[in-house]
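Here is a short report on one protein chain.

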Amino acid sequence: MINARSKYLFYIASIAALAVAGCDGQNQQNSASSDSTSQQEESVIWPRADVEALQDPATEAKIDALLARMTVEEKVGQVIQADSASVSPAEVKEYNLGSVLSGGNSAPGDLPYAAADTWVTAADEYYEASIDDSDGGVSIPIIWGIDAVHGHNNVIGGTVFPHNIALGAANDPELIKRVAAVTARELRVTGHDWTFAPTLAVPQDDRWGRTYEGFSELPDITKQYATAIVEGLQGEMTSEDFMGPEKVISSAKHFVADGGTKDGQDQGDAQISEKVLRDLHGAAYLNAIDAGVQAVMASFSSWNGTKIHGDRYLLTDVLKNQMGFDGLVVGDWNAHGQIDGCTNENCPAAINAGLDMYMAPDSWKGLYDNTLQQVKEGVIPMNRLDDAVRRILRVKIRAGLFDTVKPSARPLAGDESVLGSAEHKAVARAAVRRSLVLLKNNNNVLPIKPGSRVLVLGDSADSISDASGGWTLTWQGGGLPNSAFPNGESILAGLEKAVQQAGGTFEYSANGDYKQKPDVVIAVYGEKPYAEFQGDVSTLLYNNPEMLEAVASVQQQGIPTVSLFLSGRPMWVNTFLNASDAFVAVWWPGTEGGGIADILIADTSGQPRYDFTGKLSFSWPKRADQGPLNMGQEGYDPLFPYGYGLSYADNQVVALVSEEAGEADAQLNKYSYYEHGRAQAPWLIQMSENNVHISAVDYTAQEDAISISFPNEDSGTFAIESDTPIDLFREMNGAMELTFAYRVETPVSAPVTLSMGCRDNSACNGSLDVTKMLKATPVDQWSTMRLSLSCFARTGADIRAVNQPFRLVSASGTTLSVAAIKVSEDSDGQDNCTQ
C-alpha cells in the first residue's frame, strides 16, 4: 500500500493549493463568520465570468416590451414553478405559470416514469395552455424542467449513464461532453426544455447521501466538467449550435457548498470561511457561467447558519453582481420554506434575496396568492419582481421558446429510435469502461482468460436497476425489473456474452452455489440505490454478512475471486478486500453493463480488450469512522489515496488490510431503524406479501415516510429487522424509548399491536396493544408515539438480542403512516407504556 500511495504523490503536488483550502474548510469550521455582514467584511472577491457574447440589445428590447404589457398577476405567475403531479394545463393558463417541473417520482400517467409519447402529449398540453392568449393576456411559453442527472433517467428506454462519481474517476472532459450531448438529444425526444444538471458539488464528507452526484473531492475535475457538460447540453456559447434544436437549458447546482455541510448532513450547514466557499465549492460555477449556463439552482443547505435560499449576499451580491451571472436563479423543492420566518406557501424573503423562480411543487397555489399580495403591498419591491421576470424571459428567448412550435412538432420529438440508440449506447459503454477503478489484482486474476469456467454470484448482477443507482426511473431508484430498461443490459448479461465469446462456460448463482467448480468467481454486490438525504449514513461501513460469507467461502476453496463493488461513495470494505483476489470499484454504472465485461474478460488470444484507466477522485477510507477524508488535510491517511487506480501493466500485490473498522462498527445504527424514507442498514423491511400494502408519503420532506395498509381480514405484519441482533439492555436501564412519528389515515377499526424482540420466537418478543392510542389520535394528523423499552421487556422481549425493533400487526380497517423510527432518550421521565 505504501508503494501504491507514493506512486501518486504527484497528484498532491499538482493541486496542493486547493487541498490546503479544503483542509482549512474542514479543520477550521468554527473560525468562519456566522452572519452575512461579517462574511462581507472578509473582503473576499469572487471572479467575474465573461458572458458578453450572449448579451443582445434586441433581446432586452423584447423583454422591455413584454414587461410593459404584463399585469402584475402575469409577472407573479412567471416566478413560480409547479410540479406536474400537482398542476393541470388549465391551471398553468389560469395562473400564467412560468415553469413546470417533473420531480423524481412525477410523470404523466400512473407510474413515476413514462414512455416518450406520454411525455410528449403532456408537454404539448402544458405548452399550448401557456401560450393561450384568448383571455387577452400575454403569450409566454412555459419551460419544463426535469432531473436528467445521468442521462434522461425518467423515460422508458433512455440511456442511463454512470453516476457523476464514476465519471469523475474517468477524468475525461471530452467524453463527458458527449454524455451531456446524448442526454440533451434524448430530452428533446420527450419534449423537455430544461435539465437540472450539472451538479457541481465538491463533497467533503462521503457520509453525505449525495456524494455520488459529485465528480471529485477536489474542484479540478469538477471545473473542467462544468464547461464540458454545459456545452454538451446547451451547445457552445459562440456557435450556431447554441440552444439549437437538439439542445436544452442547463442548470448549475446547488449553489453553493451543498457538499461541504457539517458531518455530511444533507440540507445541513457549511461552517466554512468565504475563501473556502469560493475556492473549493464555488470554483466550478465560474466555468459554468463562462460556458453560458442559463440557470443556477440554489442549495437547500446553509452557509454559517443562513439558508442559501434566503442569503442575499450569495445570490445577489456574489452570483449576480460579482460573478456576472445574468440567467435565472431557481429554487429547489420547497426549499424556500426552510428560511426562518417562511413557509412553503409564504416566503418573500427568498425572492428579495435574489431567487428568481420558486420551485413550489405542491405549494404553488398558496405561494402565488401570497406573493401577489406581497408585491401589491410593497413587501416584495416591483423592481425586484421585474428583474426576476426579466431573467426568466431572457432565458426563454435565448432558448428559442418564443420562436418555436409545440413540443410534438419539434425535431426528435417522439422519436423513440433515438432513445438508447446504438450511438448513444456506445457513449455510455465507453463511460463505463473509463470509470472503473481497479483497486486490487493479486496474481493477475484479471483479465479472465479465454475458455474459463466462470461463476457469477450476487443478486445485483442481474439487476439493471441496482446497477443504475438513485435517480433512475424513480427518485430513489432500485427495485425495478430489467423489463423496465428495454434498451439496457445487466452486468450479468454482459459478462455471460463475453465469456461465451471467449470460449468459456458460464454459471450464475445468487448465493455462490455451483454445479461445476469454476475457474474464477465474479461477485457483484454493494450499496442498494438511494437519493438525497435518504442516502445519508453515520458510518462508511459496508455491512453485508451473507455476501461476505459467500465471497470468503469460494476464495477459501482456492477459487480466484473477483469482487465488483457497486456504490455511490468509497466505503470501508476491508473484509471484502481480504476475501477477494481482485477488487473493482464499479460505482453505479447505469444501463450498459457490458462495459464491465469489456475490461474484465480477455479476448480469444488472452489479451485485454481494454485496460483499466479509472483513477479515484475520492479518497478511499482505511476505517469506517474515518471522515471527512480528503487529500491535503492534516493527518491524511487513506487506504487508497486520491488518484489511485491500477492498470494491467501494474504488477502489484495488495497485502491483507486491517479488519478493525473503528468506533463506527460497534455503534452501527443501534438507534436508528427507519429514517429519511428508508430502513437504515443493516435493518430491512419485511412484511406479509399479500396482507400488507406500502407506499411512500411525505412527513417533513419528500417521501420520507411510509404508509402501511392492512387490506385483508387475515392479520398482516410489517416489520423492521436484521440478522444481526443488538443489545439494548443498557439503553433500557437508561429509560430510553422506541419513538416514531405516525399518522392515522383512516379510523382504526381492527386491533393493532406493536412488538419488539427476537423475530423468530414469540417467547422472546414483547407486544403492546396500541389500538386505543391510535383510535384517540385525530385522523390525518401527524403525532409522535413514545414507548419505553422497559415496557417491551416486561411483556417478554429479550432486550439483549433484538433482531426486530419494530413489528406492527393488524388487519383490515387499519391504514397508518410512520416515519423516523428510532430509539431516543426519555422525554419526560415517565414510564410510557400506553400513553
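## Fold and dimensions

The protein chain holds 27 helices and 29 strands. These are DSSP runs numbered from the N terminus: helices are H or I with at least four residues, strands are E with at least two. The radius of gyration is 27 Å, close to the 28 Å from the globule rule for 835 residues, so the chain is as compact as a globular protein of that length. That radius is taken over C-alpha atoms, and the rule is 2.2 Å times the number of residues to the power 0.38. Along the principal axes, the C-alpha atoms fill a box of roughly 80 × 70 × 55 Å.

This is a predicted model: local features need pLDDT of at least 70, side-chain atom pairs count only at pLDDT 80 or more, and totals for chains, interfaces and linings use all residues. Residues are numbered from 1 along each chain as its sequence is written, and side-chain values use heavy atoms, with hydrogens and water left out.

## Packing

Of the 835 residues, 64% count as buried (under 20% relative accessible area, 1.4 Å probe, protein chains only). Take contacts (heavy atoms within 4.5 Å) between residues at least 6 apart in sequence: 79% of them join residues at least 24 apart.

## Ser-647

Where does Ser-647 lie? Its place is the loop between helix H23 (594-600) and helix H24 (663-666). Ser-647 counts as buried because its relative accessibility is 15%. Leaving aside neighbours within four places in sequence, Ser-647 contacts Leu-438, Asp-611 and Phe-612.

Terms used: Buried < 20%, exposed > 50% of the residue type's maximum accessible area, 1.4 Å probe, protein only.
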